[in-house]
Amino acid sequence: MRIYKFIIMKLHRTLFAALAMAAGVTLNAQNAHNMVVQTNKVGAPIQPTMYGLFFEDINYGADGGLYAELIKNRSFEFPQSFMGWNIFGNVKLMDDGPFERNPHYVRLGNSGHAHKHTGIENEGFFGIGVKEGAEYRFSVWARGENQKIRIELIDNNTMQEKQAFEYKDLVIDSKDWKQYEVILKSPRTEPKAHLRIFLESAGTVDLEHVSLFPTDTWEGRKNGLRKDLVQALYDIKPGVFRFPGGCIVEGTDVATRYQWKNTVGPVENRPLNENRWHYTFKYRFFPDYFQTYGLGFFEYFQLSEDIGAEPLPILNCGLICQYQNDPEHQIATSELECYIQDALDLIEFANGDVNTTWGKVRAEMGHPESFNLKFIGIGNEQWGSEYPERLKPFIERLRKAHPEIKIVGSSGPNSEGEDFDYLWPEMTKLKADLVDEHFYRPESWFLAQGNRYDNYDRKGPKVFAGEYACHGKGKKWNHFNAALMEAAFMTGLERNADVVHMATYAPLFAHVEGWQWRPDMIWFDNLNSVRTCSYYVQQLYAHNKGTNVLPLTMDKKPVSGQEGQDGLFASAVWDKDEQAYIVKIANTSDSAQPVSVTFAGLKKNDKLAEGKCITLHSADLDKDNTVENPNVITPQESTVTTDGHVLNAEVAPRTFAVYKFVKASNK
Ligand code: AHR
């Protein structure tokens, strides 16, 4: 029987080689690596959540990035009230404004001279990016009796007088606080404009919450998100969206931890928080980095819904950043009640009926329907006994009140070692549903971890690879080889989809002028954005995730870059909806690798139709796409044929290849 199969395989290969040669393709089938996909052994389902996104406000990811607000320090609440502003003439800072949690505002008074002006000028986030022909909604809360202000977009290019290239006048006609709006249309593209407001009349005017948004935000929403950046997220087809961090969940101290309740309700009254990334790295110091929470939990849930991903909020577990705080300065376990209540209330906010306290808040914000929250994470990168001690009461209370919600615990900041080895059994004991693992590691780690999950306990909690990226040794920037390592490693996630249920690369966004951490998946400046090679790897997996794992072996072993496997990594899936077989192969070696993939177990009348091969490759391993040259390395698609059951191909050196064949039946 075996001999018979062997002869059939040889015949297939010879026939295919002949066809390929006729088509001008030379394949070295003799030395090919023989891989076998067992099409009749449909394995574990691949979770719809498998490939997702992790968002944190790092690298100006939210304010100055995804959140489309163009004005920095719009409510004058930064500790230095005029940070981001230039003021001139008779400007006073006041603190009895209409918004309780943001009490500051400015009073523009008469300069005392007919030819002199009083006004304020905002520098935006590394400037204000505006595009030719695009419209921008200026809004302000103001009071004054028939006072006129002028709003200008000015260039900031030269040392000469700054020129206005667009302006509108606005009459403030009420002595009570009221919101005013006016649309500015930019006649030109300017990456680093400023916004200037000055008093044109002789009296006094009060201004608060000074805001400027493009009208063309994602879905045209007023408190909206930057369209190109959301589009990039949407185009991945992510299965899960983890937010809002990361370390910002923990905070540097109790006061600065992330508190979701501060991020919902009217934007004008969401209190400012500092952003820990403003001072975390001395060599990347950004004293003007704060969180306005204009992008808050309602917007995160809405975004998850828009991009078709399951929301996965992470909450503080009662531990403040453990790198920065000793155990004795942590919140005592006896004082966890309000933290646990926050978790319970969050579920009500997301899913509760509109008549509940928090469901009502959601409805008033414009979303009476439930957000259908299914997962919640408690704690970020925690370690030591402090963590399970705190997680335990959360789990007890959440299970009781919401058995339908899956709870994600943490295995700490390291991918292995003492803390990791301590926490995993603790998570199993506490019956966490998933455990979040983080690994920012060099190439050697990714090459060695292709079989990381092969021997994980199948009965314990599932794995959430919640933060990972290849940090090239000595090359901590985005480059193709790092993305290739990620692609190779991810074959192991896919092969073990019975235990790995979610995976999210990190971090997601970075402003080219404001980053603290790299590599990152999507870079942007004030006007443009770029999808990196790591982005395309994530996209290739997410678009080709299939519905079930299929066993794929070479010499009866999984293809995970082990000795003798010539740097090859591979996995296979079946997509029952598309009736398609998908094989992913990463060739991490410097030589082309001929492969012969037999789709064993197909029924007599079944064969593989003409398929496609999508490759990601760069001859220069250190290169990546940039904002200036965004399309240097992108997935390339070509058609591939088989003899019906066997694919013979050559995977180019340092290449990630995805092959997809629809099943056809010969009737
Ligand atoms: O992704 C950047 C940081 O890395 C996250 O905030 C933290 O969880 C991890 O240490």
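Visitor: Where does Ala600 sit?
Guide: Ala600 is in strand S31, residues 593-600. Helices (H or I, at least four residues) and strands (E, at least two) are DSSP runs, numbered from the N terminus. This is a predicted model, where local features need pLDDT of at least 70, side-chain atom pairs count only at pLDDT 80 or more, and totals for chains, interfaces and linings use all residues. Residues are numbered from 1 along each chain as its sequence is written, and side-chain values use heavy atoms, with hydrogens and water left out.

Visitor: What does Ala600 touch, leaving out residues up to four places away in sequence?
Guide: Val36, Val37, Gln38, Thr39 and Asn40; contact means heavy atoms within 4.5 Å.

Visitor: And how far apart are Ala600 and Asn40?
Guide: They're 560 residues apart in sequence, but 7.5 Å apart in space, C-alpha to C-alpha.

Visitor: OK, helices now. How do H5 and H7 pack?
Guide: H5 (residues 337-351) and H7 (residues 386-401) pack at an angle of about 30 degrees, with axes 10 Å apart. Axes are lines fitted to C-alpha atoms, for helices over the stretch in contact, and angles run from 0 to 180 degrees between N-to-C directions.

Visitor: Which residues make that contact?
Guide: From H5 you have Glu337, Tyr339, Ile340, Gln341, Ala343, Leu344 and Ile347, and H7 brings Pro393, Phe394, Arg397, Leu398 and Ala401. They divide into 9 nonpolar, 1 polar and 2 charged. Here Ala, Val, Leu, Ile, Met, Phe, Trp, Tyr, Cys and Pro count as nonpolar, Asp, Glu, Lys and Arg as charged, and the others, Gly among them, as polar.

Visitor: Switching to pockets: what lines the second largest pocket?
Guide: It's lined by 27 residues, with Gly129, Lys131, Pro214, Arg226 and Asn526 nearest its centre. On a 1 Å grid over the protein atoms alone, a pocket is an open set of points where a 1.4 Å probe fits, with protein on both sides within 12 Å along at least five of seven lines; lining residues have an atom within 4 Å of a point.

Visitor: Which element gives the most to that lining?
Guide: S7, with 3 residues. S7 (128-130), S8 (135-143) and helix H2 (227-234) each supply at least two. The lining divides into 11 nonpolar, 8 polar and 8 charged residues.

Visitor: Last one: in what sense do S23 and S24 pair?
Guide: Parallel, over 3 bridges; strands pair if DSSP finds at least two bridges between them. Phe509 has Ile522 of S24 as its bridge partner.
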